[in-house]
Amino acid sequence: MAKTLLSALPDGDLRGRRILVRADLNVPLSHGRVSDDTRIQACLPTLRRLTDAGGRVVLLSHLGRPKGTVNPEYSLAPVARALDDALEAPVRFVADLVGPEARAAVESLGDGEILLLENTRFDPRETANDPSLAEALAGYGELYVNDAFGTAHRAHASTEGVARVVRAAGGRAVAGLLLEKELTFLGEALDDPERPFVGVLGGAKISGKIDVVEALLPRVDRLLVGGAMANTFFLAMGLEVGDSLVEPDRVDMARDLLDRAGDKLLLPVDVRVAREIAPDADVRIVPRSEVAAGDRIGDVGPDTEALFADEIRSARTVVWNGPMGVFELDPFRHGTGHLARAVAEAADAGAVTVLGGGDSAAAAEVAGVAERLTHISTGGGASLELLAGRSLPGIDALSDGEAS
Ligand code: ADP
Ligand code: MG
């Protein structure tokens with residue numbers, strides 16, 4: 001069932017109200033500074049919407065894995081400073097979550113102000129989804145906005161628990177603007193895609209993405225598989241893979257998928273191999289049937305690049321998760337770069353192009369095409385769950401939308 005969206009609420013529902021917002025501000029820090037502010041940028045639309053309308057924003061996030069204890073290394077203080085810079089508006093911060101200091105700061109919030117509280121995971125009740133923490137947090141506002149897509153697949157007190165408590169008390173729990181965007185592109189768009197619909201999967205392991213393969217297969221017109229994932233399929237086809245990264249315990253599964261997929265599934269026809277996956281590797285390009293003992297497959301080959309790019313350029317919808325090779329190393333980044341450019345060309349030609357996965361997003365940045373794609377998901381695990389067609393606890397717990 002569709003959920004209530006922040007974008008559907010009028011200013012009158014926000015002005016002068018205390019609004020509890022769960023964002024994903026789990027950013028990388030180095031030497032006490034935010035070293036990549038992608039996630040901060042991603043939550044700005046929701047924060048601006050709320051403050052422009054005169055809401056009083058109580059902001060929650062986790063950072064890292066402090067494991068239920070207070071650890072200054074994981075304080076959100078530097079994040080408050082970065083948020084302050086990005087918004088060009090004052091962001092207050094208190095190093096407290098549900099104690100007297102936090103409560104006093106919440107009480108004193110004025111219209112259009114933002115208060116960031118301390119790391120939710122300093123409290124062991126957060127990951128345990130303890131109702132007592134959810135209740136304390138719910139006391140901060142009668143409207144709850146979840147914009148933390150990256151943690152929507154976890155049932156924690158500040159995601160799932162608090163939403164239920166707010167609703168039980170007669171308040172509303174709604175999806176923020178970022179969450180709405182993720183749901184639109186990773187959820188609904190795939191239910192009724194414009195065709196041809198091409199799925200592209202790669203990355204290190206087939207095991208972590210098997211549910212995605214299963215969910216995409218019946219929906220797509222073509223499924224292109226590269227990366228180390230393809231190696232396990234090669235094994236299932238009886239091909240030599242040398243010392244490549246494979247999952248021998250998944251070979252039966254791969255064989256079963258090959259049988260069922262028929263010609264929907266396209267695998268690399270040639271590969272880049274080397275004796276070592278290293279920055280100075282000596283790379284050879286060989287047909288997939290000519291990988292030798294001792295070789296390691298590090299990337300797809302040029303014929304595969306052309307084959308995959310043709311499929312992608314003629315698509316109207318592309319969903320891509322997982323790089324085609326070890327794109328972190330120069331000798332093995334070619335296939336992923338070529339694919340990224342093909343996806344960007346499809347996007348330029350009007351196709352809906354959606355990218356999920358942390359490494360894939362990094363690969364799109366490296367290839368310089370990130371801005372041209374329709375949507376790059378901000379969640380790793382959560383985006384895989386959505387692509388696999390599963391519901392996410394943090395989203396399930398929100399208020400149902402009015403039937404339209
Ligand atoms: P994402 O984060 O986009 O979901 P994954 O985490 O599943 O992607 O996979 C990314 C990793 O897969 C990268 O670190 C990349 O080096 C690795 N990888 C891709 N192809 C190969 C290969 N042929 N051999 C070894 N590792 C590979
Ligand atoms: Mg990854």
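Visitor: Which polar backbone atom is 3.1 Å from a nitrogen atom of ligand 1?
Guide: In this predicted model, that polar backbone atom belongs to Ile-297, and the nitrogen atom of ligand 1 is 3.1 Å away from it.

Visitor: What about Ala-228, how far is its backbone N or O atom from a nitrogen atom of ligand 1?
Guide: The distance there is 3.3 Å, between a nitrogen atom of ligand 1 and a backbone N or O atom of Ala-228.

Visitor: And which residue has a polar backbone atom 3.4 Å from an oxygen atom of the ligand?
Guide: That residue is Gly-358, whose polar backbone atom is 3.4 Å from an oxygen atom of ligand 1.

Visitor: OK, how much of ligand 1 does the protein bury?
Guide: The protein buries 82% of the 580 Å² that ligand 1 exposes when it is taken alone.

Visitor: Switching to strand 14, is it mostly covered or mostly open?
Guide: Strand 14, residues 296-300, is mostly covered, with four of its five residues buried.

Visitor: How does strand 12 run relative to it, and how many bridges join them?
Guide: Strand 12, residues 270-274, runs antiparallel to strand 14 and is joined to it by four bridges; in one of the pairings, Arg-272 has Asp-299 of strand 14 as its bridge partner.

Terms used: Residues numbered from 1 in each chain as written. Chains lettered and ligands numbered in written order. Predicted model: local features only at pLDDT ≥ 70, side-chain atom pairs only at ≥ 80, totals over all residues. Heavy atoms only, no water. Polar contact = N/O pair within 3.5 Å; in protein donor to acceptor, adjacent residues only side chain to side chain. Areas by Shrake-Rupley, 256 points an atom, 1.4 Å probe, with all protein chains shown as cover. Buried < 20%, exposed > 50% of the residue type's maximum accessible area, 1.4 Å probe, protein only. Helix = DSSP H or I, 4+ residues; strand = E, 2+ residues; numbered from the N terminus. Pairing = 2+ DSSP bridges.
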